[in-house]
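This note is intended for a colleague meeting the structure for the first time. Please read the numbered points with the model in view.

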Amino acid sequence: MSPTLSDANDGLAILEGQSVAQAYGIPLAVLLEMTHRCPLQCGYCSNPVEMERAGNELTTDEWKKVLTELAEIGVLQVHFSGGEPSVRKDLVELVRHANDLGLYTNLITSAVLITKERLTEIADAGLAHIQISFQANDPALANRIGGFKNGHAKKLDVAQWSRELGLPLTVNAVMHRQNLHELRDMIALAVQLDADRIEVANVQYYGWALKNRAALMPTIEQIDEATAIVEEERVRLRGILDIDFVVPDYYALRPKKCMGGWGRQFFNITPSGKILPCHAAETITELEFESVRSNHSIAWIWQNSDAFNRYRGTGWMPEPCQSCAFKEIDYGGCRCQAFALTGSAGNTDPACHLSPLHESIFKTAEQESSEGGDRFIYRNFSGGTLEPELP
C-alpha cells in the first residue's frame with residue numbers, strides 16, 4: 001500500500017510510518033514569486049506570458065502563513081523573487097518573519113527600485129544573501145536588453161551598498177547571443193563588485209524567452225568560446241569568485257537534472273499561491289496545480305498532489321528513458337522543455353541525444369542563431385511587440 005498523508009490540523013503533515021522528508025526528500029529550497037510586476041521588460045524573463053495581476057497576489061498574512069508552513073515541513077532556504085520582489089511594500093516584514101523562523105533568506109532582484117535606506121532595512125530584517133541580475137557589462141546594451149533607462153547604473157549602486165552592509169552577493173548574468181561577447185567583462189565586473197559568486201546562466205527557453213528564442217539563441221561558436229572562458233576563469237579566480245555555468249539545452253548531449261528532479265528537492269510558489277514543481281511548470285497546460293489557498297496544507301500538496309506525483313521518480317518514463325542507465329541521474333531531464341518542444345511533458349526531453357527530436361532542435365538552434373534578428377518582444381502585461389520608450 002502506498003503511504004498516504006494525514007492533513008490533520010493543516011500543520012506539519014506526517015506520512016503513515018514515515019515523514020515527508022523520508023518519502024521524497026526535504027524540499028530544501030523554495031522560490032517565492034512574490035509578484036510578476038517588474039520595471040524591467042527583459043525578453044528572456046522566465047515569468048509566464050500570461051502574468052498574474054497585482055490584485056491576485058497573496059496578502060502579507062497569506063505569505064506569512066506560507067513561510068510558517070515551509071519552516072514546519074523542513075524547508076531550509078527561501079528565495080524572494082518575482083517579477084521584482086521589492087515592489088511589495090511588505091518585503092521587509094516578510095524577510096523578518098522568515099528570519100525569525102530560522103529560514104535562510106535570499107533576495108533575487110533587478111535592484112533598480114531599491115534605495116540605500118530600504119536595502120538597510122531589508123538587511124536589518126535578517127536577509128542572508130542578495131542576488132542581482134545584470135543584463136550586460138556595457139550600460140547601453142544592458143539598458144536596451146532590460147528595457148529600462150539607467151538601470152545598469154542603479155544596479156552598480158545597489159551591489160556596492162550590499163557589500164557595505166556585509167551581504168554576500170551573487171551576480172546573475174543571463175547570457176545569450178546579444179551579450180555573450182561580454183562574458184569575460186561580466187566576470188571581471190563580478191570581481192570588481194566583490195561578489196562571492198557569478199551565475200553564468202545561458203537562457204533557458206520558457207515563457208518570454210521562448211517567444212524571443214530567435215533573438216537570443218547563441219551560435220555554437222559562442223558557446224564553445226564561453227565554455228573555454230569559464231574554464232580559464234575558474235582556474236584564475238579560484239578562491240576569489242565561484243563561477244556557475246548553465247549550458248543552453250539546445251546544444252547539450254544530455255539533459256540537465258532539472259531542479260534536482262521533478263518534485264524531489266524544490267518547489268515554486270506563484271504570486272497567486274499555486275505550488276509548482278519548477279518555476280516554468282505552469283507552461284504545461286495538461287497539469288492542474290494546487291494552491292496554498294486551497295483546503296490542503298503545503299505538505300499535503302508536496303506529497304499527494306497529482307502535479308507533483310505525475311513525473312516523480314522513474315516509473316512514468318517512456319523508452320528510451322526507461323532503459324537508460326542515467327534515468328536516476330538526470331530523472332528524464334526537463335518536463336517543461338519536453339512539453340514546449342514535443343507537445344507532451346511525458347516525452348523524452350529533446351535535449352537528450354537519444355530523443356528522436358534532438359537533431360531537429362540542434363538544427364533549429366543553428367538556424368536561429370545565424371538568421372535571428374536582435375529585436376525583442378519585450379516582457380509586459382499587454383504582450384506588445386514594440387520596443388518600449390525607455391523611461
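1. Angles here run from 0 to 180 degrees between N-to-C directions, with axes fitted to C-alpha atoms. With that in mind, helix H6 (residues 151–164) lies across strand E6 (129–134) and strand E7 (169–175), and its direction is at about 160 degrees to E6. The model under discussion is a predicted one.

2. Helix H2 (residues 60–73) lies across three strands, namely E3 (29–33), E4 (77–81) and E10 (266–269). Relative to E3, helix H2 runs at about 175 degrees.

3. The strands named so far belong to an open sheet of 9 strands with mixed pairing. Its order is E9-E8-E7-E6-E5-E4-E3-E10-E11. Which strands stand at the edges? They are E9 (242–246) and E11 (275–276); each has a single partner strand, so one side of each is left without a neighbour in the sheet.

4. The partner of E9 deserves a separate remark. Strand E8 (residues 197–202) runs parallel to E9 and is joined to it by 5 bridges. Within this pairing, Glu 199 stands opposite Asp 244 in E9.

5. Attention may now pass to contacts between helices. The axes of helix H3 (residues 91–100) and helix H4 (residues 116–124) come within 8 Å and cross at roughly 20 degrees. Angles under 35 degrees count as roughly parallel, and H3 and H4 are therefore roughly parallel to each other. The crossing of H3 past H4 is right-handed. On the H3 side the contact is made by Leu 91, Val 92 and Val 95, and on the H4 side by Arg 118, Glu 121 and Ile 122. By class, the residues of this contact comprise 4 nonpolar and 2 charged, with no polar ones.

6. Helix H7 (residues 183–192) and helix H10 (residues 220–236) have axes that come within 10 Å and cross at roughly 30 degrees. H7 and H10 are therefore roughly parallel to each other, and H7 passes H10 in a right-handed crossing. Helix H7 contributes Leu 183, Arg 184 and Ile 187 to the contact, while H10 contributes Ala 226, Ile 229, Val 230, Glu 232 and Glu 233.

Terms used: Residues numbered from 1 in each chain as written. Predicted model: local features only at pLDDT ≥ 70, side-chain atom pairs only at ≥ 80, totals over all residues. Heavy atoms only, no water. Helix = DSSP H or I, 4+ residues; strand = E, 2+ residues; numbered from the N terminus. Parallel < 35°, antiparallel > 145°, perpendicular 65-115°, else oblique. Left-handed = near helix turned anticlockwise from the far one by under 90°. Contact = heavy atoms within 4.5 Å. Nonpolar A, V, L, I, M, F, W, Y, C, P; charged D, E, K, R; others polar. Pairing = 2+ DSSP bridges.
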